[in-house]
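Below is a short briefing on one protein model, for reading beside the sequence and the coordinates. Topics are grouped under brief headings.

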Amino acid sequence: MSNIDFIDSYDFEEKLNTNNVLNSDFIDKKLELVKNELKENLISIEELIDNLGLKFFPVMKKKLLYNFVKSIEDMPTMSYTIVKDKKNILTIITNTSNGNETINNAKEGDIIISGIRGEKYVIEGNTFSNLYEGEIGSDIYPEQSPRYVAIYTGNKQFHFKAPWGENVLLNPGDYIIKEDVGKYYVIAKEEFEITYN
């Protein structure tokens with residue numbers, strides 16, 4: 001059973017609000033079950049890259065603007081906000097064209113980005129300036145240095161651990177981004193082709 005099947009079998013969608021934010025009590029109970037399921041389908045991304053002989057090549061992110069909004073409620077596509085809630089941690093599902101990609105927690109000071117399809121990403125506040133240009137509260141755009149990517153040419157779905165500690169979904173045709181030595185994450189094919197040159 002894949003992680004997407006597993007998540008669907010517990011009907012996460014019914015527990016989501018309009019911003020793909022889960023009720024924290026619900027997610028705490030189910031997250032352990034998801035993590036146990038992932039152990040069976042978890043790979044070493046380095047071994048996969050070596051076994052398939054994947055080659056990385058440089059690309060640039062498009063200079064797409066993201067507008068600041070004051071709240072996560074009703075975030076439009078291509079927008080961002082800063083988490084101001086001191087008491088609660090928000091659990092965000094990143095739901096791309098591939099389905100549920102990852103689950104992250106957002107705490108005070110973190111940034112939530114709403115992407116090209118309204119998918120939500122959590123960026124730690126202290127790493128935000130490395131990834132985006134512009135001042136918080138104004139329009140921002142992705143930092144413009146090259147990224148190094150490889151196309152996943154395998155035919156199976158896998159999960160691997162991303163630099164932020166969560167397991168991410170890798171589907172055939174997705175792009176593997178090399179952030180640094182031993183640090184990789186995934187961009188779904190459809191989102192990659194819209195946001196990268």
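Lys87 sits in the loop that connects β4 to β5 (90-96). With a relative accessibility of 77%, Lys87 counts as exposed, where exposed means over 50% relative accessible area, buried means under 20%, and partly exposed lies in between (1.4 Å probe, protein chains only). The C-alpha atoms of Lys87 and Lys107 are 8.6 Å apart, although 20 residues separate the two in sequence.

This is a predicted model, in which local features need pLDDT of at least 70, side-chain atom pairs count only at pLDDT 80 or more, and totals for chains, interfaces and linings use all residues. Residues are numbered from 1 along each chain as its sequence is written, and side-chain values use heavy atoms, with hydrogens and water left out.

**Confidence**

- The protein chain has an average pLDDT of 79, and 74% of its residues score at least 70; pLDDT is the predictor's confidence in each residue, from 0 to 100.
- Within the protein chain, helix α1 (residues 3-9) has the lowest confidence, with a mean of 36, while β3 has the highest, at 96.
- Helices (H or I, at least four residues) and strands (E, at least two) are DSSP runs, numbered from the N terminus.
- Over residues 1-14 pLDDT stays under 50, and the model has 31 contacts for them beyond four places in sequence; a contact means heavy atoms within 4.5 Å.

**Sheet**

- An open sheet of mixed pairing is formed by four strands in the order β3-β4-β7-β8.
- The edges are held by β3 (67-68) and β8 (120-123); each has a single partner strand, so one side of each lacks a neighbour in the sheet.
- Two strands pair if DSSP finds at least two bridges between them.
- β3 and strand β4 (residues 79-82) run parallel and are joined by two bridges.
- Phe68 is found opposite Tyr80 in β4.

**Hairpin**

- Strand β7 (residues 111-114) and β8 run antiparallel, with four bridges joining them.
- Tyr121 in β8 is the bridge partner of Ile113.
- Five residues lie between β7 and β8 in this hairpin, and Gly118 in the turn has a positive phi of about 85°.

**A buried serine**

- Ser79 is part of strand β4, and at 1% relative accessibility Ser79 counts as buried.
- Leaving aside residues up to four places away in sequence, Ser79 touches Tyr66, Asn67, Val69, Ile112, Ile113 and Ser114.
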